[in-house]
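This briefing is meant to be read beside the sequence and the coordinates.

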Amino acid sequence: MSKFSDTLSYLVFEQNADAKSFAEKIGVNATCITRYLREDRFPSVENLVLLADYFQCPTDYLLGLEEENNVAGFKKCPQFPQQFDFLLKHFNYTCYKLSKELKIHQSTLYAWKNGKRVPTVENIIKLAEFFDCRVDFILGRES
């Protein structure tokens, strides 16, 4: 989490802003930004994408999973159930098989698939590591 906090601190500093003014600029609660900067919590997936879109950077860079900020054009993220269904087909997995290998309860995966819940950023990272791809691919920001 410290890499995320460090990267976000750097990017906010580059904007010559404090947490409160930056939060107002992007439409996120200032308390959220402060918690991210203090390493108290990861953002929601929605806020992670909002931050990455604002800074025009990969989510992988923002999370500290990549060293370089390779700016590229990113697609608008599809709804996660649609993207999760694509991932299952793309990697030839079922929820049952993925549940066994990732040690995530099957009901959680079905809740993602049916749009009843959205995965945490930690689970998005877990999926990216498991499938050996970027977080942006898991989210549908890149092909």
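**Helix packing, core and selected residues**

Helix α7 (residues 95-102) packs with helix α8 (residues 106-113) at an angle of about 130°, and their axes are 9 Å apart. The two helices are therefore oblique to each other, since an angle of this kind falls in neither the roughly antiparallel class nor the roughly perpendicular one. The model is a predicted one, in which local features need pLDDT of at least 70.

**The pair α7 and α8**

- The crossing of α7 and α8 is right-handed, and the residues that make the contact are Cys95, Tyr96, Leu98 and Ser99 on the α7 side, with Gln106, Leu109, Tyr110 and Lys113 on the α8 side.
- Sorted by class, the residues in the contact of α7 with α8 comprise 5 nonpolar, 2 polar and 1 charged.
- Leu109, which belongs to helix α8, counts as buried because its relative accessibility is 0%, and the cut-off for that class is under 20%.
- When neighbours within four places in sequence are left aside, Leu109 is in contact with Phe84, Cys95, Leu98, Ser99 and Ile104.
- Leu109 and Pro81 stand 28 residues apart in sequence, and the distance from C-alpha to C-alpha is 9.8 Å.

**The pair α2 and α3**

- Helix α2 (residues 19-26) and helix α3 (residues 30-37) pack with their axes 8 Å apart and at an angle of about 125°, which makes α2 oblique to α3.
- The crossing of α2 and α3 is right-handed, and in it Ala19, Lys20, Phe22, Ala23 and Ile26 of α2 meet Ala30, Ile33, Thr34 and Leu37 of α3.
- The contact of α2 with α3 divides by class into 7 nonpolar, 1 polar and 1 charged residues.

**The pair α1 and α4**

- Helix α1 (residues 2-14) packs with helix α4 (residues 45-55) at an angle of about 40°, with the two axes 12 Å apart, and α1 and α4 are therefore oblique to each other.
- The crossing of α1 and α4 is left-handed, and the contact is formed by Phe4, Leu8, Leu11 and Val12 from α1 together with Leu48, Leu51 and Phe55 from α4.
- By class, the contact of α1 with α4 has 7 nonpolar residues, with no polar and no charged ones.

**The nonpolar core**

- The largest nonpolar core holds 44 residues, of which Phe4, Ile33, Leu51 and Leu98 touch the most other members.
- Apart from neighbours within four places in sequence, Leu51 is in contact with Phe4, Leu8, Phe22, Ile26, Ile33, Tyr36 and Leu62.

**Individual residues in helices**

- Thr7 has its place in helix α1 and counts as buried because its relative accessibility is 13%; with residues up to four places away in sequence not counted, Thr7 touches Tyr61, Leu62 and Gly64.
- Asp60 lies in helix α5 (residues 59-62) and is buried, with a relative accessible area of 4%.
- The residues that Asp60 touches, beyond those up to four places away in sequence, are Leu65, Glu66, Arg134, Val135 and Asp136.
- Phe86, placed in helix α6 (residues 80-90), counts as partly exposed because its relative accessibility is 37%.
- Although Phe86 and Glu66 are 20 residues apart along the chain, a separation of 24 Å lies between their C-alpha atoms.

**Loop residues with positive phi**

- Gln56, in the loop between α4 and α5, has a phi near 50°, which is a positive value in a residue other than glycine, and Gln56 is exposed, with a relative accessible area of 52%.
- Asn92, in the loop between α6 and α7, has a positive phi of about 60° although it is not a glycine, and Asn92 is exposed, with a relative accessible area of 62%.

Note on methods: Residues numbered from 1 in each chain as written. Predicted model: local features only at pLDDT ≥ 70, side-chain atom pairs only at ≥ 80, totals over all residues. Heavy atoms only, no water. Helix = DSSP H or I, 4+ residues; strand = E, 2+ residues; numbered from the N terminus. Buried < 20%, exposed > 50% of the residue type's maximum accessible area, 1.4 Å probe, protein only. Contact = heavy atoms within 4.5 Å. Axes fitted to C-alpha atoms, helices over the stretch in contact; angles between N-to-C directions. Parallel < 35°, antiparallel > 145°, perpendicular 65-115°, else oblique. Left-handed = near helix turned anticlockwise from the far one by under 90°. Nonpolar A, V, L, I, M, F, W, Y, C, P; charged D, E, K, R; others polar. Core = buried A, V, L, I, M, F, W, Y, C linked by side-chain atoms within 4.5 Å.
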